[in-house]
Amino acid sequence: HEADAYRTDLMTITRFVLNEQSKYPESRGDFTILLSNIVLGCKFVCSAVNKAGLAKLIGLAGETNIQGEEQKKLDVLSNDVFVKALVSSGRTSVLVSEEDEEATFVESSKRGKYCVVFDPLDGSSNIDCGVSIGTIFGIYTMSHNDEPTTEDVLKPGNEMVAAGYCMYGSSCMLVLSTGTGVNGFTLDPSLGEFILTHPDIKIPKKGNIYSVNEGNAQNWDGPTTKYVEKCKFPKDGSPAKSLRYVGSMVADVHRTLLYGGIFLYPADKKSPNGKLRVLYEVFPMSFLMEQAGGQAFTGKKRALDLVPEKIHERSPIFLGSYEDVEEIKALYAAED
Ligand code: AHM
Ligand code: MG
């Protein structure tokens, strides 16, 4: 079966998105162009992450190398690449990046109908030891032709038209939803193309893994404490759950999506709003979870119904398998 050794019908991410867009006769390919620039950024970061040790890309921003040029830290470099690719796509008006305190408003000659919120390189504490890190992004559309403002991205997550992440791990994987399910693409390094490898991802209804930074346990609130206690010492005869925590949201959420279970970054006494950022961490991951049949909850409400007031706002987040999130929702409901 020599012929079977090579797959000859390759569903690249571009082909996939073009197919999806062709269902909308009014579509002019803008989204495909936008996405191909995001994909370019992901490929660049993937290659930079893989070479990081070799190229001595790792270091403190502001440090100078022997040539006297300033060395950019990997996250600063990644941000520059994404901002430039998105602006030059001609399809964006507002960009919000974790790396930039202020939003970027694209100059009028290069403006387009999309707004992109992103964390160019999430999981920074894992960069220097080669553990999986990732890029997270969410996409909104502009609802008017006036000057863009931050109001154009201070919208609930349920208004996003697409969201995704790219994980730089043992392989480079891009997981994307345009609101009709979730699909996963793996980078074939020899082709430089993302190929559909995980069509229509659905999260298991219930999982046996919980994922949380337990080092913060002394500062947790009642429902989170009770939930984690239940994971470890179930009283209903069910088996105890396993704990997995990478400390890279992309890696922890990716495992949760594929294996099922729950990922928690709760509020605690020290960080009353949790740690993770609403626009480019909580929303995109919540969007993907719901699209895969799971849930995302803030401790008060459905995560995608939050209306952010500030671009770098934070929120507690509990996301993953439908039934596991139901349990934590019940514990919070019992509180009030
Ligand atoms: P970062 O944007 O500074 O990298 O922080 C975000 C990361 C997430 O990837 C991860 O889920 C979380 O921080 C881990 O935080 P902690 O180290 O407090 O457990
Ligand atoms: Mg981050």
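These legends go with close-up views of the predicted model shown above.

Because the model is predicted, local features are reported only at pLDDT of at least 70 and side-chain atom pairs only at pLDDT 80 or more, while totals for chains, interfaces and linings use all residues. Residues are numbered from 1 along each chain as its sequence is written, and chains are lettered from A and ligands numbered from 1 in the order in which they are written.

**View 1**
Helices (H or I, at least four residues) and strands (E, at least two) are DSSP runs, numbered from the N terminus. Of the 336 residues, 43% are buried. Here, buried means 20 or more other C-beta atoms within 10 Å of a residue's own, exposed means 12 or fewer, and partly exposed is in between, with C-beta atoms placed from the backbone. As for contacts (C-beta atoms, placed from the backbone, within 7 Å), take those between residues at least 6 apart in sequence: 62% of them join residues at least 24 apart.

**View 1. Inside the largest nonpolar core, which has 87 residues.**
A core like this is a set of buried Ala, Val, Leu, Ile, Met, Phe, Trp, Tyr and Cys residues joined through C-beta atoms within 7 Å. Val96, Val116, Phe137, Val153, Leu174, Leu288 and Leu319 have the most contacts inside it. Zoom in on Phe137: leaving aside neighbours within four places in sequence, its contacts are Ile38, Val116, Val117, Phe118, Ala163, Gly164, Tyr280 and Pro284.

**View 2. The shell of 13 residues around ligand 1.**
To count as near the ligand, a residue needs its C-beta atom, placed from the backbone, within 6 Å of it. Asp122, Gly123, Ser124, Asn213 and Met249 come nearest. Strand 3 (111–122) and helix 5 (249–259) are the elements that give two or more residues to this shell. By residue type, the shell has two nonpolar, six polar and five charged members. In that tally, Ala, Val, Leu, Ile, Met, Phe, Trp, Tyr, Cys and Pro are nonpolar, Asp, Glu, Lys and Arg are charged, and the others, Gly among them, are polar.

Two strands pair if DSSP finds at least two bridges between them.

**View 3. Leu196 in strand 8.**
Leu196 is partly exposed, as it has 17 other C-beta atoms within 10 Å. Phe185 is 11 residues away in sequence, yet the two C-alpha atoms are 4.3 Å apart. Not counting residues up to four places away in sequence, Leu196 touches Met11, Phe16, Asn183 and Phe185.

**View 4. Asp200, in the loop between strand 8 (193–198) and strand 9 (209–211).**
Asp200 isn't a glycine, but has a positive phi of about 45 degrees. Most residues other than glycine have a negative phi. With 12 C-beta neighbours inside 10 Å, Asp200 counts as exposed.

**View 5. An open sheet of five strands, in the order 10-9-11-13-12.**
The pairing is mixed. Strand 10 (242–243) and strand 12 (295–297) stand at the edges with a single partner strand each, so one side of each has no neighbour in the sheet. Strand 9 and strand 10 pair in the parallel sense over two bridges, and Ile209 stands opposite Ser242.

Notes:
Two residues are in contact if their C-beta atoms, placed from the backbone, lie within 7 Å.
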